[in-house]
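This report describes a ligand site, the packing of some helices and a few backbone features. Please read it alongside the sequence and the structure shown below.

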Amino acid sequence: VPAVEKQRWTLNDFDIGKPLGRGKFGHVYLAREKRSNHIVALKVLFKSQIKQSQVEHQIGREVEIQSHLRHPNILRLYGYFYDQKRVYLILEYASKGELYKELQKCNYFSERCTATYVASLARALIYCHGKHVIHRDIKPENLLIGAQGELKIADFGWAVHTYNRRRTMCGTLDYLPPEMVESVEHDASVDIWSLGVLCYEFLYGVPPFDAKENSDTYRRIVQVDLKFPTKPSVSSAAKNLISQMLVKDSSQRIPLHKLLEHTWIVQNADPSG
Ligand SMILES: COc1ccc(C(=O)Nc2ccccc2)cc1NC(=O)CCSc1ncnc(N)c1Br
């Protein structure tokens, strides 16, 4: 489905298939665009559930930003349309589904699989930062798997891809870096922190600052209370990289391009991504 911005899509242009998942803001269905037979994911947002005023320009801006983002590890947003009750997003379909379900199923990933995922996300983030877009929500819930097993970053919720991205605290704290938890200014290096949290969770099956209460997670994050369990056993090279990402001072975090040269990534990541 080429992003034909001028195209006025309607529901009649699509055959609707099985539900793919229930997002916070609505349902996602497998769908086929009738003329091209192209398979897409159609996300239905209920206007009643998202503030009327915000939604039009919010989604318009989202589509505008996303239409300039073309990267194999970023899920495409082809376009949108709406009727009086709902807004529909036409999304790329990731045929191997949701990453977090994969993580739940196998508890944790191998070092090679993790390094390959982390490298592909680093490349996607380098691409986004180059376009002055930061803070793609890179927690497992927002990652999908494409037909070749490659990761796709997909934003499921309010997506304001600018420097003043608002983050409602209703989402998990786990992925927030200290500067956001202490809600001070933040920059692209927040994504390096989140990628470090993700790398840890891929290898151990739990996020690094996991705790029963939010207040404990908060404290562990601001103190960077980073501990590596003995099980599963993880290479010291992997721990070394994670320790260079989960650094309180955002200016001291390993830059993304340096991450791609780290021995653990070089020795473990599958170059195809
Ligand atoms: C680029 O991906 C997005 C971009 C934007 C938004 C979004 O809601 N924006 C938004 C929502 C409200 C107001 C303003 C913007 C959402 C997504 N993505 C998603 O919601 C993922 C749907 S689940 C899925 N998708 C494909 N293949 C599968 N196998 C599955 Br399961």
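## Ligand site and helix packing

A polar side-chain atom of Lys 43 lies 3.0 Å from an oxygen atom of the ligand, where a polar contact is a pair of N or O atoms within 3.5 Å. The model is predicted, with local features needing pLDDT of at least 70 and side-chain atom pairs counting only at pLDDT 80 or more, whereas totals for chains, interfaces and linings use all residues. Residues are numbered from 1 along each chain as its sequence is written, and side-chain values use heavy atoms, with hydrogens and water left out.

On the backbone side, an N or O atom of Ala 94 lies 2.8 Å from a nitrogen atom of the ligand. The protein covers 99% of the 700 Å² of accessible area that the ligand has on its own, as computed by the Shrake-Rupley method with a 1.4 Å probe. The elements that give two or more residues to the shell around the ligand are strand S3 (38-46), helix H1 (52-67) and strand S5 (86-92), and H1 provides the largest share, four residues. Here helices (H or I, at least four residues) and strands (E, at least two) are DSSP runs numbered from the N terminus.

Around the ligand there are 22 residues, of which Lys 43, Glu 62, Glu 92, Ala 94 and Asp 155 come nearest; a residue is counted as near if one of its heavy atoms lies within 4 Å. By residue type, the shell divides into 14 nonpolar, three polar and five charged residues, with Ala, Val, Leu, Ile, Met, Phe, Trp, Tyr, Cys and Pro taken as nonpolar, Asp, Glu, Lys and Arg as charged, and the others, Gly among them, as polar.

Two helix pairs are set out in the table, with axes fitted to C-alpha atoms over the stretch in contact and angles running from 0 to 180 degrees between N-to-C directions.

| Helix pair | Angle | Axes apart |
|---|---|---|
| H5 (residues 189-204) and H7 (residues 236-245) | about 150 degrees | 8 Å |
| H3 (residues 111-130) and H5 | about 165 degrees | 10 Å |

The angle in the H5 and H7 pair makes H5 roughly antiparallel to H7, and that in the H3 and H5 pair makes H3 roughly antiparallel to H5, a term used for angles over 145 degrees.

Among the backbone features, the peptide bond from Lys 231 to Pro 232 is cis, with omega near -10 degrees, and Pro 232 belongs to the loop between helix H6 (214-222) and H7. Asn 37, although not a glycine, has a positive phi of about 60 degrees and is found in the loop between strand S2 (26-33) and S3. Asn 107, also not a glycine, has a positive phi of about 65 degrees and lies in the loop between helix H2 (99-106) and H3.

Technical notes. Polar contact = N/O pair within 3.5 Å; in protein donor to acceptor, adjacent residues only side chain to side chain. Parallel < 35°, antiparallel > 145°, perpendicular 65-115°, else oblique.
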